[in-house]
Amino acid sequence: SMQVAQLQYQMGHHDEAVQSLKEALEIAQESNNLRDICTACRQLGECYKSIGDSINAVHFFRQTFKVARDIGDEKLIESARAMLGFSLGEHYFNAAGSGEGFLSVACNDIAAQLDWLSSGVL
């Protein structure tokens, strides 16, 4: 299923790729295959990121990082940590200012900047 999902993704059929990956994830979870769980979660994160769904992308990258730690493979852990970090940063960058994005807030909304400085919420 993951190979089919990869082809679907490359052809631009992201919704179909997500469904195939969810099926692959379910199979991997049933067999407790941690490496396949990690791969399916990473690919789901990438699919969701490519269609602009940062909440689901972060969710699956977070799962990737958790499973990578469970596996104990340092190279895999560092790769998963980087994907999660970039995904979180991109999500917060784009979600700031009630979805208008950080640059809009930084350039145009003094009240929001002051609120952020006083409360930490942007």
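Biologist: Which residues does serine 87 touch, not counting residues up to four places away in sequence?

Modeller: Serine 87 touches Ala57, Val58 and Phe61, leaving out residues up to four places away in sequence. Contact means heavy atoms within 4.5 Å. This is a predicted model: local features need pLDDT of at least 70, side-chain atom pairs count only at pLDDT 80 or more, and totals for chains, interfaces and linings use all residues. Residues are numbered from 1 along each chain as its sequence is written, and side-chain values use heavy atoms, with hydrogens and water left out.

Biologist: Where is serine 87 placed?

Modeller: In helix α5, residues 74-95. Helices are DSSP runs (H or I, at least four residues), numbered from the N terminus.

Biologist: Is serine 87 buried or exposed?

Modeller: Serine 87 counts as buried, because its relative accessibility is 4%. Buried means under 20% relative accessible area, exposed over 50%, partly exposed in between (1.4 Å probe, protein chains only).

Biologist: New topic. What about asparagine 32, buried or exposed?

Modeller: Asparagine 32 counts as exposed, at 56% relative accessibility. Asparagine 32 sits in the loop between α2 and α3 (34-50). Its phi is positive, about 55°, although it is not a glycine.

Biologist: And at what angle do α1 and α2 pack?

Modeller: Helix α1 (residues 2-10) and helix α2 (residues 14-30) pack at about 165°, with axes 8 Å apart. So α1 is roughly antiparallel to α2 (angles over 145 degrees). Axes are lines fitted to C-alpha atoms over the stretch in contact, and angles run from 0 to 180 degrees between N-to-C directions.

Biologist: Which α1 residues meet α2?

Modeller: Met2, Val4, Ala5, Gln8 and Tyr9. Their partners in α2 include His14, Leu21 and Ala24.

Key:
Helix = DSSP H or I, 4+ residues; strand = E, 2+ residues; numbered from the N terminus. Parallel < 35°, antiparallel > 145°, perpendicular 65-115°, else oblique.
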